[in-house]
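I opened a new structure today and kept notes as I went. Here is what I looked up, entry by entry.

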Amino acid sequence: HFVSEGANQTQQVTVNDNAGNSATFTSPAVNIDLTKPSTTANIQGTQSGGFTGPVSVTLNASDNLSGVAGTFFRIDGGGVNSVIGTFFIGVNGTHTLEYWSVDVAGNIETHQTRTLNIDAIPPVTQASVSGAAGVNGWYRSAVQISLSATDNLSGVMGSFYQIDGGAIQTYAGPFAFSTAGQHTIQYWSRDNVNNTEVSHSLVVNIDTVAPVVTAAANPATAPKGPKSVNVTISGSATDALSGINGASYNVIDEYGVTQPSGAVTVQANGSYSFTLSLPATRPGNDKDGHLYTIVVKASDQAGNTSTATTSVRIN
């Protein structure tokens with residue numbers, strides 16, 4: 001009987017006959033391997049809490065007696081693969097690597113497992129702005145800015161933002177912003193394996209101030225007559241933030257004889273001038289004269305409006 005493992009084991013048997021002759025016999029060599037092989041996994045890749053890209057796997061097996069017959073692996077419970085050199089795992093997600101070896105004697109190693117987390121995809125951040133919306137991308141009030149980030153693999157570690165190139169701030173929840181003018185907010189997120197999203201730009205334009213409008217009539221008074229009187233209305237319409245978007249006028253005639261209206265052309269420096277032809281009529285019983293009221297209205301790019309009035313009296 002051979003009771004221990006080893007290579008090339010033999011035993012000798014000596015036989016004696018009744019005449020006193022003896023002979024010694026040596027058994028054939030016996031190889032016994034009772035020990036399973038041992039496999040180690042060498043896993044390489046960029047790590048930061050998890051792998052941030054493809055990983056390479058090299059399996060090394062050893063067996064001190066009969067030798068390794070083969071090494072095998074499978075990923076996520078899939079088909080069995082025989083190892084030939086180094087193999088790669090590059091698909092994002094959480095993977096289970098199972099590996100083992102078999103020796104020449106047929107001993108099968110207990111399967112070993114490793115969990116591999118691969119996340120090469122940065123988070124995705126969305127921004128939303130709420131406030132009193134004007135026109136042309138402007139807001140007519142303070143705004144509230146919210147960031148929402150998602151990451152389907154390692155998860156979001158944090159979100160960050162920067163206003164007009166200033167200090168980087170950690171997003172802790174919706175924040176209010178009220179500074180008038182045009183502003184750029186950069187924002188991005190980072191996941192738990194330090195994949196950093198490329199920053200996004202959000203333009204926030206705030207203008208809560210109405211334009212400044214002036215108006216004057218020349219002449220402001222005119223005598224009653226059969227012919228219409230030409231009146232020049234001039235002034236300015238300016239806006240320090242978003243700028244003037246347009247202007248218009250309308251005439252309020254207390255008699256309803258004529259009530260013209262139309263657009264006003266504002267020059268680049270904010271000035272304007274236009275001429276009206278108004279009937280110079282006045283009933284004899286009107287002691288204070290025929291009054292025309294001219295209203296000039298201007299709006300800025302944000303939709304804020306302001307008016308100025310002037311008047312012409314027919315005596």
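Entry 1, a cut-off before I start. I call a residue buried when its relative accessible area is under 20%, exposed when over 50%, and partly exposed in between. I also note that this is a predicted model.

How many salt bridges does the structure hold? I found one. E98 pairs with R74, and their closest N and O atoms sit 2.8 Å apart. I checked where the two belong: E98 is in strand β10 (residues 93-103) and R74 is in strand β7 (residues 68-75), 24 residues apart, so the pair links distant parts of the chain. Is E98 buried or exposed? With 14% relative accessibility, E98 falls under the 20% cut-off and therefore counts as buried. R74 has 26%, so I put it down as partly exposed. A reminder to myself: side chains of opposite charge can pair when their charged atoms come close.

I traced an open sheet of five strands, in the order β21-β27-β26-β23-β24, with mixed pairing. Its edge strands are β21 (221-222) and β24 (261-264), each of which pairs on one side only. I then looked at β26 (residues 290-300) and β27 (residues 305-314): they run antiparallel, joined by 10 bridges.

The largest nonpolar core has 24 residues. Which of them touch the most other members? They are I233, F274, L276, I294, V296 and V312. Two or more residues come from each of β20 (212-218), β22 (229-238), β23 (244-253), β25 (271-278), β26 and β27. Another core lies apart from this one, with 14 residues, including Y161, I163, Y187 and I206.

Leaving out residues up to four places away in sequence, I listed what I233 touches; among them are A216, A217, Y272, L276 and T310. V296 sits in strand β26. At 1% relative accessible area, V296 is buried. With neighbours up to four places away in sequence again left out, V296 touches V213, A215, I233, S248, Y249, Y272, F274, S306, T307 and A308. I also looked up V251: its C-alpha atom and that of V296 are separated by 8.9 Å, although the two residues are 45 apart along the chain.

Definitions and conventions. Residues numbered from 1 in each chain as written. Predicted model: local features only at pLDDT ≥ 70, side-chain atom pairs only at ≥ 80, totals over all residues. Heavy atoms only, no water. Pairing = 2+ DSSP bridges. Helix = DSSP H or I, 4+ residues; strand = E, 2+ residues; numbered from the N terminus. Salt bridge = Lys/Arg side-chain N within 4 Å of Asp/Glu carboxyl O. Buried < 20%, exposed > 50% of the residue type's maximum accessible area, 1.4 Å probe, protein only. Core = buried A, V, L, I, M, F, W, Y, C linked by side-chain atoms within 4.5 Å. Contact = heavy atoms within 4.5 Å.
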